[in-house]
Amino acid sequence: MDFSVSMCVYGGDNPRWFKEAVNSILNQTVKPNEIVLVVDGPIYDELENAVLEFEKNDCVNCIRLPKNLGHGEARRIGLEACKYDLVAIMDADDISVPDRFEKQIAAFENDSEISIVGGQITEFIGTKNNLKGSRFVPTDDIEIKKYMKKRCPFNQPTVMFKKNDVVEVGGYIDWFCDEDYYLWIRLALADKKFANVESVIVFMRVSGNSYERRGGLKYFISEAKLQKFMLNNKVIGFWTYLINVTKRFVLQVLMPNKVRGWLFKHFARNH
């Protein structure tokens, strides 16, 4: 099955990590037909040189945006540029395991009704040997949609989906830090079928304070609006909405960063 990989690149990205990310795509057991790089705004020389080096590869299509438009818009532009109906998402500092695409393609081949296939992640700091935790999500359609009522049901850097199905529901639309969750909800409302492979398919890079930073009023407002969207569209009922919003208010607004970081690390991740 022919497929594209879409990746966004930012001015703050580390050139060495970016190279590791792209090489993990190029060294797959099943290789993509194209890689679309969206450079979202100005980048510094060392990172630009790394992009130029990969651009020499015939399968790489680079799109440079003159100013930073943000993650949702950059994702949308990257998706529009992809030539193939099957599109995999990849972040510029993560590492895909060598048989990631092989496993995802197999899932699509085994069930033609599936619209999106994600997978599990292991988080690390610095090198893959310095593992900090994993995030495991349900694997079957019913359980994924049940899980979605409380938390995001996919690990964003792992997903591969049918472009036509995503475009049908409006594609990526900017929603502060939640454009992916918003997209999955709209796909569910359109009765698209979901799946996650059981194994870890992406090593996801995090920083020492990543868990602590997942809070603040902006995060809360964004997620509260998303919960309201789910309530209005009957994805969740009122009591689930109230519980979800209350939990997020306590965790993201009232709780000190250090405590939030500890809770994320010990209760929102598998060890």
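Biologist: Where does Pro-157 lie?

Modeller: Pro-157 sits in the loop between α5 and β8 (160–162). Keep in mind that this is a predicted model.

Biologist: Why does Pro-157 count as buried?

Modeller: Buried means under 20% relative accessible area. Pro-157 has 4% relative accessibility, so Pro-157 counts as buried.

Biologist: Which residues does Pro-157 touch, not counting residues up to four places away in sequence?

Modeller: Pro-157 touches Ile-89, Met-90, Asp-91, Asp-94, Arg-100, Val-202 and Met-204. Ile-89 also turns up in strand β4, where Ile-89 is the bridge partner of Ser-6.

Biologist: That brings us to strand β1. What makes you say that strand β1 (residues 3–9) is largely enclosed?

Modeller: The count does: 7 of its 7 residues are buried, so β1 is largely enclosed by the rest of the structure. In a regular strand, side chains alternate between the two faces of the sheet. On one side of β1 are Phe-3, Val-5, Met-7 and Val-9, on the other Ser-4, Ser-6 and Cys-8, and all are buried.

Biologist: How do you know that β1 pairs with β2 (residues 34–40), and in which sense?

Modeller: Pairing takes at least two bridges, and β1 and β2 have 6, in the parallel sense. Within that pair, Val-5 has Ile-35 of β2 as its bridge partner. Strand β4 (residues 86–91) also runs parallel to β1, joined to β1 by 6 bridges.

Biologist: What kind of unit do β1, helix α1 (residues 15–26) and β2 make?

Modeller: Together they form a β-α-β unit, and the unit is right-handed.

Biologist: What makes helix α7 (residues 179–189) largely enclosed?

Modeller: There, 10 of the 11 residues are buried, so α7 is largely enclosed by the rest of the structure. Among the buried ones are Tyr-181, Trp-184, Arg-186 and Leu-187. The elements covering them include α3 (71–81), β6 (114–124), α5 (141–147), α6 (163–168), β9 (193–205) and α8.

Biologist: Is Asp-191 buried or exposed?

Modeller: Exposed means over 50% relative accessible area. Asp-191 has 69%, so Asp-191 counts as exposed.

Biologist: And Lys-234: where is Lys-234 found, and why is Lys-234 called exposed?

Modeller: Lys-234 is in the loop between α8 and α9. Its relative accessible area is 74%, and therefore Lys-234 is exposed. Lys-234 also has a positive phi, near 60°, in a residue other than glycine.

Technical notes
Residues are numbered from 1 along each chain as its sequence is written. This is a predicted model: local features need pLDDT of at least 70, side-chain atom pairs count only at pLDDT 80 or more; totals for chains, interfaces and linings use all residues. Side-chain values use heavy atoms; hydrogens and water are left out. Buried means under 20% relative accessible area, exposed over 50%, partly exposed in between (1.4 Å probe, protein chains only). Helices (H or I, at least four residues) and strands (E, at least two) are DSSP runs, numbered from the N terminus. A crossover is right-handed if, with the strands pointing away from the viewer, the path from the first strand over the helix to the second runs clockwise. Contact means heavy atoms within 4.5 Å.
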